[in-house]
Amino acid sequence: MTEALLTIENLNVSYRGSGRVAHILDGVDIMIGRGQSVGLVGESGSGKSTVAFALLSLLADNAEVSARRAAFDGRETNFGARETAALRGTDIAMIFQDPMTALNPLFTIGTQLVDIQRQRFPNENRRALWARAESVLADIGVPDAAGRMHRYPHEFSGGMRQRVVIAMALLVEPKLLIADEPTTALDATIEAQVVEVLHRLRQRTSASMLIVSHSMGLIAELCDSVVVMYAGTVVESGPVGAVLHRPRHPYTRALLACEIDPYAALDPTQDLATIPGSVPDPARRPPGCIFASRCPARHDRCSDRPPRRQARDGQAYSCWLEAA
Ligand SMILES: Nc1ncnc2c1ncn2[C@@H]1O[C@H](COP(=O)(O)OP(=O)(O)OP(=O)(O)O)[C@@H](O)[C@H]1O
């Protein structure tokens with residue numbers, strides 16, 4: 001079995017505000033092996049970004065975070081703000097949804113790519129850091145990398161900016177790279193190119209990856225295993241191929257049925273499959289299965305009792321349904 005780089009057990013996050021407490025993450029378990037790529041998938045609002053932000057202590061001030069256990073790179077951690085700040089930008093790097101959040105409009109790309117490396121390589125001089133940056137930029141397919149180093153972020157297209165952000169993450173040689181919806185802000189053609197860059201990166205880097213996405217297709221291309229989230233809980237996890245071809249949880253099945261092929265021509269006559277119903281209010285989580293109110297296979301006990309955790313062939317899922 002692969003050695004764990006990151007282990008989080010029973011992660012809970014709630015937000016306090018306006019006299020109510022919203023439980024956004026409820027008992028989330030995540031394990032990322034060394035060199036492994038894990039995808040975190042689920043509908044909008046399911047808590048994917050909250051997991052990523054909790055790992056980096058980037059949650060809003062009204063967040064309350066607790067975990068039964070957290071360990072990174074062989075060390076127990078409580079992911080406290082100071083501890084995490086030391087890991088951020090060195091051992092853990094993040095690619096955000098919108099590349100502009102990571103880029104400063106006032107400095108050239110070259111200066112920013114040099115500065116990002118200073119904490120990691122404090123003894124290297126500017127010239128060496130500049131050369132490294134230029135070569136990584138060229139490596140991930142930025143044409144005329146030498147010239148572009150002198151340009152400002154606004155002179156880059158969306159796809160090129162996202163490549164710069166990927167270069168930034170690569171330059172610090174992190175042990176864990178977190179990508180939060182790395183292609184959401186891009187149009188479909190550019191998205192395919194950025195996925196290709198991430199794909200190549202996946203083959204070349206020894207870093208582990210956590211890829212957050214609402215698209216199972218993207219996860220299938222880039223990840224070894226997948227964690228499926230619904231309303232702040234993990235409903236199913238396992239190797240990507242197994243979950244994709246033999247989803248065990250009714251929510252995973254519904255999610256796969258909703259998936260559209262972003263590269264296919266749109267057929268205006270075809271209705272998108274959607275999951276009827278809505279996600280429960282996080283301030284009033286039901287006592288039983290969180291998916292029960294929308295589940296087509298629901299049984300009486302599903303609404304009253306927490307689902308049964310089952311594991312089969314490396315796949316784990318929480319449901320009263322017996323595995324087929
Ligand atoms: N500061 C906050 N106070 C209260 N609720 C918050 C706060 N920040 C986020 N939330 C809530 O947490 C929930 C989970 O949000 P999160 O961004 O993690 O979901 P997501 O699965 O990443 O969605 P998306 O795909 O849209 O980014 C949402 O319901 C959101 O409204």
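Two residues are taken to be in contact if their C-beta atoms, placed from the backbone, lie within 7 Å. Helices (H or I, at least four residues) and strands (E, at least two) are DSSP runs, numbered from the N terminus. The structure is a predicted model, in which local features need pLDDT of at least 70 and side-chain atom pairs count only at pLDDT 80 or more, while totals for chains, interfaces and linings use all residues. Residues are numbered from 1 along each chain as its sequence is written.

**Helix packing**

Axes are lines fitted to C-alpha atoms, for helices over the stretch in contact, and angles run from 0 to 180 degrees between N-to-C directions.

| Helix pair | Angle | Axis distance |
|---|---|---|
| H4 (residues 126–139) and H6 | roughly 130° | within 9 Å |
| H6 (residues 158–171) and H7 (residues 188–204) | about 15° | 9 Å |

Angles under 35 degrees count as roughly parallel, over 145 as roughly antiparallel, 65 to 115 as roughly perpendicular and the rest as oblique. The axes of H4 and H6 cross at roughly 130°. H4 is therefore oblique to H6. In the contact, Arg132, Ala133, Val136 and Leu137 of H4 meet Ala167, Leu170 and Leu171 of H6. These residues divide into six nonpolar, no polar and one charged, where Ala, Val, Leu, Ile, Met, Phe, Trp, Tyr, Cys and Pro count as nonpolar, Asp, Glu, Lys and Arg as charged, and the others, Gly among them, as polar.

H6 and H7 pack at an angle of about 15°, and are therefore roughly parallel to each other. From H6, Gly158, Gly159, Gln162, Arg163, Ile166 and Leu170 meet Ile190, Gln193, Val194, Val197 and Leu201 of H7. By class, the contact of H6 with H7 has six nonpolar, four polar and one charged residue.

**Ligand shell**

The ligand is surrounded by 15 residues, the closest being Tyr15, Ser44, Ser49, Thr50 and Ala60; a residue is near a molecule if its C-beta atom, placed from the backbone, lies within 6 Å of it. Strand S1 (4–17), strand S2 (20–33) and helix H1 (48–55) each supply at least two residues of this shell. H1 gives the largest share, three residues. The shell holds four nonpolar, 10 polar and one charged residue.

**Domains**

The domain assignment gives domain 1 (1–87 + 178–185 + 210–261 + 270–324) and domain 2 (92–173), with bounds that come from an automatic or database domain assignment. The C-alpha centres of domain 1 and domain 2 are 31 Å apart. Their contact takes nine residues from domain 1 and eight residues from domain 2. On the side of domain 1 that touches domain 2, the largest share, three residues, comes from strand S8 (residues 176–180). That side of domain 1 has six nonpolar, one polar and two charged residues.
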